[in-house]
Amino acid sequence: MRILFVHPNFPAQFGHIATRLVAQGDECAFVSRAATGLRAGVRCIQYTPKGGATRANHYTSRTFENAVWNAHGVYEACKTSGLEPDLIVGHCGFGTTLFLPEIYGCPIVSYFEYYYRPHDSDMDFRPEFAPTELDFLRARARNAMILLDLDACAAGYTPTHWQKSLVPPAYASKVETIHDGIDVDAWRRRPVERRLRGEALPPGTRVVTYAARGLEAMRGFDIFVRLANRIAAERADVVFVVVGSDRVAYGNDLRHIKAPTFREHVLATERPDLGRFRFLGTVPPEELAAVLSLSDLHVYLTVPFVPSWSLLNALACECVVLASDTPPVREIIDDGRNGLLAPFYDLDALTTQALRVLDRPEDHRPLATAGRALVDGRYSLDVTLPRLRALFGRLGRAPNA
């Protein structure tokens, strides 16, 4: 099959899938704002939005305005690309596939990630970081392009059953639950030196890890630092290794603080012993896998929102994971069987669980083994890719077939 993947970013949720499909004999192209040339056999084509939302646009419609400019940029790039796809796969909501039916007669598959809700959702889970009144209104308006994509697609898929539960009922029958897939050969526990960027870790040092795209409230960075303070007060042998950038990927943290970044705000407020922390910033996957291989305890915290790849990466690397007991996480972590859960705000429960693991890490290794088995059996590319390829094959048709 000739499959066209479309996403503003590269590789995003599609790059590793396209690479595998090319290796299996499919012909894949990827249209994005970033990549050009040939990447692991995938033809990459760049598009450039020629406009975007401004202050003149209503605050609640700016997401839609940006998506329309994405749509037009992709349309212009594809019009002169010479591509003749049998199937198009795009991310629902970015608008990137909206105008492509004017060029191609093939079906579209939409990757559905999240349907925004103003209440009982990520928006109001943390009242101390409450959005503005306009933000609550925008949550309803920003589903506009998502609804257009769900209506136009021949079928869709979403990574988890929890995310599937957010699909509006009118479109639920079009969307299957199929995870993007984890490369379990890359994400695995491996023998590593007890070093962090050249720094030798003293024998007996316990390593607690935390990883997020951005160090922000929605991923509980402040809760993690409070937990670290409690752990540090009980144990002098723990080092806290933090992976992630200073950006706020989600939420409106910066409206509620005076510091330039949420990390600076948290460190100034909670005043941890920075000698116990190692902030690595954004790291390549190989380095993150090595860090996770050092971990005695990995902490994953999130409000009810899209579950992070980092959670599954940590499980694949056989980390003992302590996570927030929120709906998307409960689908993955079975408390006491493949990881540990505690309420997001319950520092007493989080601390008790963490200290039990750090007191006797070997006693908790069965949790790590079960976490790896979960990823192997449910989320690995070897499991998910055949299901995706079957979905694509049912809709598209190979040339001369």
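A: Two strands count as paired if DSSP finds at least two bridges between them, and the strands themselves (E, at least two residues), like the helices (H or I, at least four residues), are DSSP runs numbered from the N terminus. This is a predicted model, in which local features need pLDDT of at least 70 and side-chain atom pairs count only at pLDDT 80 or more, while totals for chains, interfaces and linings use all residues. Residues are numbered from 1 along each chain as its sequence is written, and side-chain values use heavy atoms, with hydrogens and water left out.

The sheet is open and has 6 strands in the order 13-12-11-14-15-16, with parallel pairing. Strand 13 (277-281) and strand 16 (340-342) stand at its edges with a single partner strand each, so one side of each has no neighbour in the sheet. On average, and with direction ignored, neighbouring strands are turned by 20° against each other, where axes are lines fitted to C-alpha atoms, for helices over the stretch in contact, and angles run from 0 to 180 degrees between N-to-C directions.

Within this sheet, strand 11 (residues 206-214) pairs with strand 12 (residues 238-245) in the parallel sense over 7 bridges, and Thr209 stands opposite Val241 of strand 12. Helix 9 (residues 309-316) packs on the sheet, where it touches strand 11, strand 14 (297-300) and strand 15 (321-324), contact meaning heavy atoms within 4.5 Å. The direction of helix 9 makes about 165° with that of strand 14.

Strand 14 contains His298, which is buried, with a relative accessible area of 0%; buried means under 20%, exposed over 50% and partly exposed in between, with a 1.4 Å probe and protein chains only. Leaving aside neighbours within four places in sequence, the residues in contact with His298 include Thr209, Ser310, Ala314 and Leu322.

The loops that follow these strands can be examined through their aromatic rings. The structure holds 22 aromatic pairs, counted when rings of Phe, Tyr and Trp (its six-membered ring) have centres within 6.5 Å, with planes under 30 degrees apart called stacked, over 60 edge-to-face and the rest tilted. Tyr250 and Phe305 have ring centres 4.7 Å apart and planes at 65°, so they form an edge-to-face pair. Because Tyr250 lies in the loop between strand 12 and helix 7 (262-270) and Phe305 in the loop between strand 14 and helix 9, the pair ties together parts that are 55 residues apart in sequence. Tyr250 is partly exposed at 25% relative accessible area, whereas Phe305 is buried at 5%.
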